[in-house]
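Work through the exercises below with the sequence and the model at hand. Each task is followed by a solution in steps.

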Amino acid sequence: MVSEGSSINGSALIEGFEGVRINNIGLSGGLCGDDDRFERTLASYNESAKEGEVIAIGFYGESLEITSANYGGWTPFGPQPMITKSKNNILYELDGQPALDPL
C-alpha cells in the first residue's frame, strides 16, 4: 500500500486497514514524502496524480515471496525535547511549551 502523505493520517489509515483485513495477509508500504518541506505530495495508479490517494495492490500465490527494506531520512541533532502534550499523531507541546510559535 502506498499513500499520498501530506493529507492522509498514516496511523489512521493502517488502523482502518488492520480492522478489516484477514489475519494472515501481510501489509507493506509507505507514505509519499516531499523531503523536509511538508508541503504537498501526490500519488496515482493509471491516472493523473492527485492528493488524498491511497493505492493498494494485492499479490497472491503458493510460491510468492516478498521482501522489503526501508530508509528513514531523519538524523537526530541538538537537545532531545520531551513530548508533554499530544493526541494521536498531533504534537501540541514539547517540554511544556507550544510545539509551534503562535501566529
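## Exercise 1: The chain as a whole

In the chain, 46% of the contacts with a separation of 6 or more are between residues 24 or more positions apart, a contact being heavy atoms within 4.5 Å. The model is predicted, so local features need pLDDT of at least 70 and side-chain atom pairs count only at pLDDT 80 or more, while totals for chains, interfaces and linings use all residues. Residues are numbered from 1 along each chain as its sequence is written, and side-chain values use heavy atoms, with hydrogens and water left out.

**Task.** Describe the elements, the extent and the surface of the chain.

**Solution.** 

1. List the elements. Helices (H or I, at least four residues) and strands (E, at least two) are DSSP runs, numbered from the N terminus.
2. Compare the radius of gyration with the globule rule. The chain has 17 Å, whereas a compact globule of 103 residues would have a value near 13 Å. The radius is taken over C-alpha atoms, and the rule is 2.2 Å times the number of residues to the power 0.38.
3. Take the box. Along the principal axes, the C-alpha atoms fill roughly 55 × 30 × 25 Å.
4. Buried residues are 8% of the 103 residues; buried means under 20% relative accessible area, exposed over 50%, and partly exposed in between (1.4 Å probe, protein chains only).
5. Accessible areas come from the Shrake-Rupley method with a 1.4 Å probe; for residues, only the protein chains shown count as cover.

## Exercise 2: The sheet with mixed pairing

**Solution.** 

1. Three strands make an open sheet, β2-β1-β3, with mixed pairing. Two strands pair if DSSP finds at least two bridges between them.
2. Find the edges. β2 and β3 each have a single partner strand, so one side of each is left without a neighbour in the sheet.
3. List the neighbours. Not counting residues up to four places away in sequence, S3 touches I8, L13, G30, L31, C32, A43, E53 and V54.

## Exercise 3: The antiparallel sheet

**Task.** Trace the sheet that contains β4, β5 and β6.

**Solution.** 

1. Strands of a sheet pair through backbone hydrogen bonds, either parallel or antiparallel.
2. Give the order. This open sheet runs β4-β5-β6 with antiparallel pairing, and β4 and β6 (97–98) are the edge strands, each pairing on one side only.
3. Follow L94. I83 has L94 in β5 as its bridge partner, and L94 also stands opposite Q97 in β6.
4. Count the bridges. Four join β4 to β5, and two join β5 (residues 90–94) to β6.
5. Inspect the turn. The hairpin of β4 and β5 has two residues between the strands, and N88 in the turn has a positive phi of about 55 degrees.

## Exercise 4: Charged pairs and exposed side chains

**Task.** How many salt bridges does a search of the whole structure find, and which residues form the nonpolar patch?

**Solution.** 

1. Apply the criterion: a side-chain nitrogen of Lys or Arg within 4 Å of a carboxyl oxygen of Asp or Glu. The search finds two salt bridges.
2. Take R40 with E51. Their closest N and O atoms are 2.9 Å apart. Both residues lie in the loop between β2 (30–31) and β3, so the pair ties together parts eleven residues apart in sequence. R40 is exposed at 52%, and E51 is partly exposed at 42%.
3. Take K50 with E47. The closest N and O atoms are 3.1 Å apart. K50 is partly exposed at 37%, as is E47 at 43%.
4. Name the patch. Y45, I57, F59, L64 and I66 form a nonpolar surface patch with about 580 Å² of accessible area together. Patches are made of residues with over 30% relative accessible area and no salt bridge; like charges are joined within 9 Å, and nonpolar side chains (Val, Leu, Ile, Met, Phe, Trp, Tyr) within 5 Å.
5. Look at F59. This residue lies in the loop between β3 and β4 and is exposed at 59%.
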